Amino acid sequence: MTTSYDASPSIDVIDATVPLAPGHATRMLRLQRDKVVAATQGSYDAMFSPTVEGLSVAERLLVALHACSVSKAATLAAHYREQLLAEGADRELIAAVGSGAPVADARLRTVLAFTASLIERPIEGDKASVQSLADAGLSTPAIVALGQLIAFLSYQIRVVAGLQALAAAEVEA
């Protein structure tokens with residue numbers, strides 16, 4: 001069954017990481033809220049814009065890779081790994097961040113620890129953890145951008161997991 005929602009499907013990060021065929025009930029469900037689809041992709045575009053102050057695009061992509069790895073969001077992790085390679089990031093650094101191995105750069109290590117803390121134990125995102133970011137040299141705008149990025153990633157990871165679960169249930173039915 002095809003509806004007008006499938007008439008001109010757009011391809012965004014969610015579509016790329018959860019491929020759903022036109023006419024697929026889960027795809028049509030997702031496309032019923034076109035404002036949410038557009039806002040999700042718009043947020044993604046804003047989070048990785050080169051105009052964000054204080055954190056480079058590569059640093060934000062490393063944060064995303066780490067958040068996805070910690071969350072076991074394999075398809076999103078693969079997306080962010082590809083984006084890092086396209087940015088020309090160091091392959092060993094990408095592998096280390098993707099596997100959870102320690103990184104040498106103290107600033108990045110602090111950022112990744114903060115990311116894992118907010119993803120896994122948000123209650124630990126307290127004043128002391130924010131101060132650790134400032135102590136590592138992040139400006140206030142960079143800390144705010146990092147917090148927004150982590151919040152977006154938590155949302156994006158849950159959307160992808162939900163769509164994957166719905167698609168799997170649809171296949172089993």
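Helices are DSSP runs of H or I of at least four residues, numbered from the N terminus. In this predicted model, H79 has its place in one such run, helix α5. The overall fold is described before that residue is taken up again.

The protein chain contains nine helices and zero strands. Read from the N terminus, the order of elements is α-α-α-α-α-α-α-α-α. The radius of gyration is 17 Å, close to the 16 Å given by the globule rule for 173 residues, so the chain is as compact as a globular protein of that length. Along the principal axes, the C-alpha atoms fill a box of roughly 55 × 35 × 30 Å. Contacts between residues at least 6 apart in sequence were also examined. Of these, 64% join residues at least 24 apart.

Of the 173 residues, 40% count as buried. The accessible surface comes to about 9,200 Å². Carbon and sulfur atoms account for 59% of that surface. The charged side chains number 13 positive and 18 negative. The centres of these two sets lie 3 Å apart.

The largest nonpolar core has 45 residues. Those with the most contacts inside this core are F48, V63, L76, Y80, L138, L146 and L153. At least two core residues come from each of α1 (13-17), α3 (34-47), α4 (57-70), α5 (74-87), α6 (91-99), α7 (106-120) and α9 (140-172). Helix α9 gives the most, with eleven residues. L146 illustrates the packing. Residues up to four places away in sequence aside, L146 touches L55, V63, V111, F114, T115, L133 and L138. Two of these partners, V63 and L138, are also listed among the residues with the most contacts inside the core.

Two individual residues were then considered. H79, in helix α5, has a relative accessible area of 12%. Buried means under 20%, so H79 counts as buried. Beyond its neighbours within four places in sequence, H79 is in contact with V13, T17 and Y44.

K72 lies in the loop between α4 and α5. The phi angle of K72 is positive, at about 60°, although K72 is not a glycine. The relative accessibility of K72 is 72%. Exposed means over 50%, so K72 counts as exposed. H79 is thus a buried residue of this model, whereas K72 is an exposed one.

Definitions and conventions: Residues are numbered from 1 along each chain as its sequence is written. This is a predicted model: local features need pLDDT of at least 70, side-chain atom pairs count only at pLDDT 80 or more; totals for chains, interfaces and linings use all residues. Side-chain values use heavy atoms; hydrogens and water are left out. The radius of gyration is taken over C-alpha atoms; the globule rule is 2.2 Å times the number of residues to the power 0.38. Buried means under 20% relative accessible area, exposed over 50%, partly exposed in between (1.4 Å probe, protein chains only). Contact means heavy atoms within 4.5 Å. Accessible areas come from the Shrake-Rupley method with a 1.4 Å probe; for residues, only the protein chains shown count as cover. Lys and Arg count as positive and Asp and Glu as negative; His and the chain ends are not counted. The place of a charge is taken as NZ of Lys, CZ of Arg, CG of Asp or CD of Glu. A nonpolar core is a set of buried Ala, Val, Leu, Ile, Met, Phe, Trp, Tyr and Cys residues joined through side-chain atoms within 4.5 Å.
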